[in-house]
Amino acid sequence: MSTPKRDQLRLPADLEYLHGLKSFILDYASQKGFDKRKCHQIELAANEILTNIISYAYPEEKGDIRVICDSDEDGALLVQIIDTGVPFNPFEVDEPDLSLGLEERKVGGLGLFLAHKMVDEIRYRRQGAENILTLYKRKTD
Amino acid sequence: MEVNIRKEEKVLVVSVIGRMDAISAPAFDTQVEEQIDRGETSLVLDLSGLDYISSAGLRSMLTLAKKLKRKEGELVLCGLQDVVKEVFEVSGFSTIFEICGSLEEAMEGQ
């Protein structure tokens, strides 16, 4: 049996582990040759998704977050972020209205929007008891 | 994240150093709120030492700006690094905040 080449990490969904989860993704991205700016964008996208899961996925009992890093033949990065919490489709969230002024602008609701902007693509699927969210980032613009 | 606060004439200069995210943003909120409760209404945020901001940090800044606006106060941001600038632009914050290039420039306008 061959060992999968993907890198995996599983940690409890708690703010305490946010840094560890992010470092894991960032280490993988820089190993694959992503530059500083792109690493920052990947970090921010991952941060928003992870923070969201930590805050909302497990309202009652505690759970884990699993991160799987992979890259495709073009060198693009694929980060799967998986939880077994309440079903949550990030595409069903309303986008913030950026045209509003200071007084009208709502506080919050920016996290997922930022995540979408920082990577080339976000995919979501619910599979069994899992929310599987994939961040896709190309190495070149 | 480190927050340094000093008073220059009538302006409160708040320097934010490090990373502002869901973990560190609450500390910023507490420190700045304390100052506003004391009656400070004119603030300059020096972000030249800030190398990372997430939506939690943006949320803190928006809350602060709204609070000061209600008190007819003033908030000016300055010294944004490129990565922070990018986040501000993407989220539309560049147009709702008053942003100066440097601290000197921000102080001149006061």
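Q: Why is A:Asp120 called partly exposed?
A: The model is a predicted one. The relative accessibility of A:Asp120 is 38%; partly exposed covers what lies between under 20% (buried) and over 50% (exposed), so A:Asp120 counts as partly exposed.

Q: What makes A:Asp120 and A:Arg138 a salt bridge?
A: Their closest N and O atoms are 3.4 Å apart. The criterion is a Lys or Arg side-chain nitrogen within 4 Å of an Asp or Glu carboxyl oxygen, so the pair of A:Asp120 and A:Arg138 qualifies as a salt bridge.

Q: Which parts of chain A does the pair of A:Asp120 and A:Arg138 tie together?
A: A:Asp120 is in the loop between H3 and strand E4 (121-127), and A:Arg138 is in the segment after strand E5 (130-137), so the pair ties together parts 18 residues apart in sequence. A:Arg138, at 42% relative accessibility, counts as partly exposed.

Q: What makes A:Glu103 and B:Lys69 a salt bridge, and why does the pair join two chains?
A: The N to O distance between the two side chains is 3.8 Å, and the limit is 4 Å, so A:Glu103 and B:Lys69 meet the criterion. A:Glu103 lies in the loop between strand E3 (77-83) and helix H3 (111-118) of chain A, whereas B:Lys69 belongs to helix H2 (residues 55-70) of chain B; the pair therefore joins two chains. B:Lys69 has 41% relative accessibility and counts as partly exposed.

Q: How many salt bridges does the rule find across the interface of chain A and chain B?
A: The rule finds three salt bridges across this interface. B:Arg19 and A:Glu43 form a salt bridge with closest N and O atoms 2.3 Å apart, a value that falls within 4 Å. A network of salt bridges links A:Lys22, A:Glu43 and B:Arg19. Over all chains, the count comes to 11 salt bridges.

Q: How many residues of chain A are in contact with chain B, and what area do the chains bury?
A: In chain A, 27 residues are in contact with 24 residues of chain B. The two chains bury about 2,100 Å² between them, with 65% of it on carbon and sulfur atoms. On the side of chain A, A:His40, A:Leu102 and A:Val107 lose the most area to chain B, together 31% of what that side buries.

Note on methods:
Residues numbered from 1 in each chain as written. Chains lettered and ligands numbered in written order. Predicted model: local features only at pLDDT ≥ 70, side-chain atom pairs only at ≥ 80, totals over all residues. Heavy atoms only, no water. Helix = DSSP H or I, 4+ residues; strand = E, 2+ residues; numbered from the N terminus. Buried < 20%, exposed > 50% of the residue type's maximum accessible area, 1.4 Å probe, protein only. Contact = heavy atoms within 4.5 Å. Buried area = accessible area lost by both parts, 1.4 Å probe.
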